[in-house]
Amino acid sequence: MRVKVDPKDAVKEFADFSRRMQQGRELLEKMKDKDVQIATTPKHEVFRSDKVVLYRYEATAKKTLGVPVLIAYGLVGRYTMADLQEDRSLVRNLLSQGVDLYVVDWGTPTRGDRWLTLEDYIDGYLADCVDFIRREHGLEAISLLGICEGGVFTTCYAARNPRKVKNLTITITPIDFHAGSRDAPLHHGLIGLWARSMTHEDVDRLIEANGNLPGELMSFVFSMMTPVNALTKYNLGLFDVMDDEKKLLNFLRMEKWLADRPDHPGEAAKQWLKDLYQDNKLVKGEFTLGGVKVDLKQLKMPVLNVFAEEDHIVPSKSSQALRKHVGTRDYTELPLPGGHVGVFVSGKSQGILGKNIYGWLKSKS
Amino acid sequence: MKGFEQGNEWLKFWNENQKSLFQAWAEGKPSPFAMHGEPPPGTEVMSDLMKRSMEQWATAAKKAWTAGGGFDPQAMGKLFDPEEWKRAGSHFDVGLEKLTEGPTYATLWDLDKKMLNVQKLWVERARDVEKYWEVVQGAWQRAVERFTKSISDPKAAPITSGREMLDAWLAVANASLLEMHRSKEFLEAQRRMTRSSTEYRLAEREIAEAFCEMHHIPTRTEMDEIQKSMVELKRELRAMRRSTQAPIKAAPAAKRKAKAKGK
């Protein structure tokens, strides 16, 4: 038998447990909702179309880049991850280095948005935001920074409008949706397995019944990748940080972001799941928007591809696949330690991500 | 489940009483619930009617669909057994299948068919949920077995605190659950559960829409159609607006600087 617990140690462990519970209770009692606000960097609305809002961040330093950057997150989650809290914010890191920064907020889709397609988001809303910024600044082209599904949006947009995109940065973005499943750790690439376990008809019926792809369903799929963590985070996970105010606040802010998972508009979700996750059309050159194929060879602008080496949601091989398909030699990869979200919110990555993106943008200016 | 057990007890009690009542009628005796004394007038006629009726039913039951024909006389009994509803398996769906897949006469019994269809899909959904939980339960079972083996291994590093013990258990459980999540068995069980829940929800919508139509309320389908038209109109409007906009040209550098500062 391996279990060799000294009764004295057991009593001490119990005493520590009680102390931590007491401290945690006191901390939780004094915390207010305003303490766990996320995405607090000042910004103002500059353009709106339906539920989509384009924001411009208030500058915090003298501008050092002539071309503004537009951040586009995906529809599976919200852009607030890029600005989780003051000391964990890609947004603040870029602003502090003099980047003129915009972000597009897709809003919270409801049943009425079920008919919106990827064309509406890429050729419609994103295109309108890019044109607005180009017009405001009197520029032919601006820089795009896509995150996750937003990376696919910006990639497709740039491939279709290469003259309007000066630099393309994508982060934790799936390109080859079938790559990275083999020989991977058990918890890697489960979204792909889940998506491919369904038939096209299953997806169609799911959307027909719900209108959209429910955010709760996607949360459940994400939780399958870290099953025990999903089951224990509100007891054991919370207990582990509850006597440390800073850690507790980080935990609560992260949970706030995770809980804010909007529904994915139905028709766009069908394209996302069937065309991309199931049929992998983007790298096959078969993915169409508005009846026109997206040709990745049209990516002729400088491209920076940032991926996480331990990404269990978008395997790094899936992101790296872009290298083979771009039409530019000015292609740079930036592998970062950590997981999918960790790249943006972990303490370790704060000094690396923003600095490297800025350095790359600066080198292209 | 306690509720079902109580339901079954009640059903048994009800059946016994019915049996006694019918037996009494068939034998021309007073009802077991009647007060003591002579049988009331007309008891004999009632008894005769009852006998003939029961003979007719017995003959019909014998001639009822048999295994080859589909309907199993036992199925009817099972159909009303709440324990069977929970189990959501064979007999209940067979009965419903017969009823829902029968011929359609224009709109006659249309709503009833929809209701029966929902029942049928509910059963299928319950069956698939049960199957899903069987797979999940299997993974937990494997985790327990592995953990038990692991803590009994005298060669492994000793566990010296409660927390170490908990962490060891969680690591084993996590690995077992992940293995399960990747397995074909789990993915198929999950797919079937999602699909049958989806079909159930859609069938439920048909009934809700029938109710809406009856009460002059717009249906989900009608709302979807309106919203689709709206999205299409907005799409056209956006394309028209874009086609009428002047092309964006790069401004001279000095003008660009002034504009950027002004913001």
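1. In this predicted model, A:R134 is a residue whose surroundings deserve a look: leaving aside its neighbours within four places in sequence, A:R134 is in contact with A:L139, A:E140, A:A141, A:I142 and A:K164, and also with B:I248 from the other chain. A:R134 lies in helix α3 of chain A, and with a relative accessible area of 5% A:R134 is buried, because the cut-off for that label is under 20%.

2. A:D131 forms a salt bridge with A:K164, the closest N and O atoms being 3.4 Å apart, and the pair links distant parts of the chain, with A:D131 in helix α3 of chain A and A:K164 33 residues away in the loop between α4 (149-160) and β8 (165-171).

3. Which parts of chain A do A:D100 and A:R56 bring together? The side chains of A:D100 and A:R56 meet in a salt bridge at 2.6 Å, N to O; A:D100 sits in the loop between α2 (90-96) and β6 (101-105) of chain A, and A:R56 in strand β2 (residues 52-57), 44 residues apart. Both A:D100 and A:R56 are buried. Over all chains the structure holds 47 salt bridges.

4. On the contact between the chains, 58 residues come from chain A and 56 residues from chain B. Chain A and chain B bury about 5200 Å² between them, with 54% of this area on carbon and sulfur atoms. In chain A, the residues that lose the most area to chain B are A:R2, A:W115 and A:L186, which together account for 16% of what that side buries.

5. The polar side of the interface can be given in counts: the rule finds 13 salt bridges across the interface of chain A and chain B, and 25 residue pairs are in polar contact between the two chains, both residues at pLDDT 80 or more. On the side of chain A that touches chain B, the elements that give two or more residues are α3, α5 (190-197), α6 (200-210) and α8 (227-241) of chain A. Of these, α3(A) gives the most, with 11 residues.

6. Two salt bridges between the chains can be named individually. The side chains of A:E201 and B:R195 meet at 3.1 Å, N to O, and those of A:R205 and B:E199 meet at 2.7 Å, N to O. A:R205 lies in helix α6 of chain A and B:E199 in helix α8 of chain B, so the latter pair joins two chains. A:R205 counts as partly exposed at 28% relative accessibility, while B:E199 is buried, with a relative accessible area of 17%. Beyond such pairs, salt bridges that share partners join A:R111, A:R114, A:E208, A:E267, A:K270, B:R205, B:E209, B:R220 and B:D224 into one network.

7. The helices of chain B can be checked for their span. For helix α8 (residues 184-214) of chain B, the 31 residues should span 45 Å at 1.5 Å a residue, and its end C-alpha atoms are 45 Å apart, which agrees. Just after α8(B), B:H216 takes a positive phi of about 60°. Helix α9 (residues 220-244) of chain B has 25 residues and reaches 36 Å from its first C-alpha to its last, close to the 36 Å expected at 1.5 Å a residue.

8. What covers the buried residues of α9(B)? The residues B:D224, B:Q227, B:V231 and B:R238 are buried in this helix, and the cover over the buried residues of α9(B) includes α3 (118-137) of chain A together with α8 of chain B. B:D224 is also one of the members of the salt-bridge network that draws on both chains.

9. A:P7 has its place in helix α1 (residues 7-30) of chain A and is exposed, with a relative accessible area of 62%. The C-alpha atoms of A:P7 and A:L75, 68 residues apart along the chain, are separated by 53 Å.

10. On confidence, the predictor gives the complex an ipTM of 0.89 and a pTM of 0.81. Chain B averages a pLDDT of 78, and 66% of its residues score at least 70. Where pLDDT is low, the predicted coordinates should not be read in detail.

Note on methods: Residues numbered from 1 in each chain as written. Chains lettered and ligands numbered in written order. Heavy atoms only, no water. Helix = DSSP H or I, 4+ residues; strand = E, 2+ residues; numbered from the N terminus. Expected span 1.5 Å × (residues − 1). Buried < 20%, exposed > 50% of the residue type's maximum accessible area, 1.4 Å probe, protein only. Contact = heavy atoms within 4.5 Å. pLDDT = per-residue confidence, 0-100. Buried area = accessible area lost by both parts, 1.4 Å probe. Salt bridge = Lys/Arg side-chain N within 4 Å of Asp/Glu carboxyl O. Polar contact = N/O pair within 3.5 Å; in protein donor to acceptor, adjacent residues only side chain to side chain.
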